[in-house]
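Please consult the sequence and the model while reading.

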Amino acid sequence: NFSQVTEFILLGLSDTKELQVLFFVFFFLAYVMILLGNLLIIVTVRTDPKLSSPMYFLLCNLSFIDICCTSVTSPRMLVDLLSQRKAVAFEDCIAQLFFLHFIGASEMFLLTVMAYDRYTAICKPLHYTTIMSRRVCWVLVSACWAGGFLHSIVQTLLTIQLPFCGPNKIDSYFCDVPSVIRLACTDIYVTEWLMASNSGLISLVCFLVLVTSYTFILVTIRIRFTEGHWKALSTCASHVMVVTLFFVPCIFIYLRPFSTSPSDKHICMLYTVFSPVMNPLIYTLRNNEVKASIWRLWKRCK
């Protein structure tokens, strides 16, 4: 395109030095928790044969995606919090935008698959092993990654075809479609709606599918309530907490014309930082099988 901008300036979360140091400590600890917590889940699931069900296979993939997702934004944010000039090259900004949407959309699809897995296990238990075989799980996970890649390609192509020749300050701590395309020196009305219909509708449709799945699960549990269904209900409650924390901010950010709002960058922290932090806590502290497996892994390593 005809872009003259070679770099963008990230304004970050605050320009106050004391707050920047406080943010650095907080987000550094959060990033370490995300890495250690999700790595622990991956190692536990991979080393314990008792955790071979499709639910734990999908959970292992979710942990891997969470590590990738937060690693796209957190390291750059931590460096910028201690830097005077928060500049990012044009190519690096586009690369961050691409991988953020690639991994983020893949996580949306994977959370939807996890909801379908729980629906099948609870509402169709006799056919569960046939429907959710290992081969089917691999196909579904591959489809999640493929869907995320196609979504990200569309978002990236719509962004790089815009001319950037004027302002280069992004009021955020990372490069994302809404904040970047606002800087284009052309009319972006059509581009805004194309991107909103892409990212926003994907978020909304996946969330509605999740809500529908859990509604069927609740109806099934109400009809034939047993102790086993109570355990399933507890697991589903954990899933609902995760998807709400992840999807609601995404719907708010992407399913609307990209108007400027100072609160957007703070809302983005919910799905870039807090959701990956919550996943290992929810899936370990509320799951007795995972906690028992972690304890066995700890005893073997001693």
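The axes of helix H2 (residues 54-81) and helix H3 (residues 90-123) approach within 10 Å and cross at roughly 160°; axes are lines fitted to C-alpha atoms, for helices over the stretch in contact, and angles run from 0 to 180 degrees between N-to-C directions. H2 and H3 are therefore roughly antiparallel, a term for angles over 145 degrees. Helices are DSSP runs (H or I) of at least four residues, and strands (E) of at least two, numbered from the N terminus.

This is a predicted model, in which local features need pLDDT of at least 70 and side-chain atom pairs pLDDT 80 or more, while totals for chains, interfaces and linings use all residues. Residues are numbered from 1 along each chain as its sequence is written, and side-chain values use heavy atoms, without hydrogens and water.

The whole structure contains 2 disulfides, a disulfide being a pair of cysteine sulfur atoms within 2.5 Å. In one, the sulfur atoms of Cys-93 and Cys-175 are 2.1 Å apart. This pair joins helix H3 to the loop between strand S3 (169-170) and helix H6 (177-181), across 82 residues. Both Cys-93 and Cys-175 are buried, with buried meaning under 20% relative accessible area, exposed over 50%, and partly exposed in between (1.4 Å probe, protein chains only).

Cys-165 and Cys-185 form a disulfide with sulfur atoms 2.0 Å apart. Cys-165 is partly exposed at 38% relative accessible area, and Cys-185 is partly exposed at 33%.

Cys-69 takes part in no disulfide, since the nearest cysteine sulfur, that of Cys-250, is 8.5 Å away. Cys-69 is buried, with a relative accessible area of 3%.

Definitions and conventions. Angles under 35 degrees count as roughly parallel, over 145 as roughly antiparallel, 65 to 115 as roughly perpendicular and the rest as oblique.
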